[in-house]
Amino acid sequence: MMFERNSIFIGIVLLSVLLCNNSALATTYTVGDALGWKFNVAGWENGKNFKAGDTLVFKYNPGSHNVVVVDKSSYDSCSVPSNAKTFTSGNDQITLAKGPNYLICGFPGHCGNGMKITANAA
């Protein structure tokens with residue numbers, strides 16, 4: 001009987017902690033908001049407080065764009081390394097790692113026309 005009461009109490013405490021700690025839950029962001037992943041989206045990420053584990057959703061026409069995960073050097077030069085992870089579905093979901101996450105469109109000329117973001121995750 002005592003074990004049963006302790007188990008119920010522990011369960012209630014854990015549930016309360018989970019329900020009250022919404023800040024620990026990951027957030028999902030649609031890149032570019034209603035406009036989606038498009039030219040001149042650079043800067044959309046400014047002012048957002050990303051956390052490791054948050055998800056970025058990239059919505060775009062898959063025949064016209066893609067999303068490539070790159071390093072800072074490739075981000076700055078708008079170049080796609082041969083081993084870069086590339087997403088092509090048009091509804092890509094990318095989970096942020098801690099630190100800077102560099103993402104560009106790998107189609108020629110697109111990154112240079114503002115299809116790139118840096119999401120810094122705490």
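Student: What ground rules apply here?

Tutor: Residues are numbered from 1 along each chain as its sequence is written, and side-chain values use heavy atoms, leaving out hydrogens and water. In this predicted model, local features need pLDDT of at least 70, side-chain atom pairs count only at pLDDT 80 or more, and totals for chains, interfaces and linings use all residues.

Student: Is Asp 54 buried or exposed?

Tutor: Buried means under 20% relative accessible area, exposed over 50%, partly exposed in between (1.4 Å probe, protein chains only). Asp 54 has 0% relative accessibility, so Asp 54 counts as buried. Asp 54 lies in the loop between strand E1 (28-30) and strand E2 (55-59).

Student: What does the side chain of Asp 54 reach?

Tutor: The backbone nitrogen of Thr 27, at 2.8 Å.

Student: Which residues does Thr 118 touch?

Tutor: Contact means heavy atoms within 4.5 Å. Beyond four places away in sequence, Thr 118 touches Glu 45, Tyr 75, Pro 100, Asn 101 and Tyr 102. Thr 118 sits in strand E7 (residues 116-121). With a relative accessible area of 15%, Thr 118 is buried.

Student: In what order do the strands of the open sheet run?

Tutor: Strands are DSSP runs of at least two residues, numbered from the N terminus. Two strands pair if DSSP finds at least two bridges between them. Here 3 strands form an open sheet, E1-E2-E5, with mixed pairing. E1 and strand E5 (91-95) are the edge strands. E1 and E2 pair in the parallel sense over 3 bridges. Thr 30 has Val 57 in E2 as its bridge partner.

Terms used: Helix = DSSP H or I, 4+ residues; strand = E, 2+ residues; numbered from the N terminus. Polar contact = N/O pair within 3.5 Å; in protein donor to acceptor, adjacent residues only side chain to side chain.
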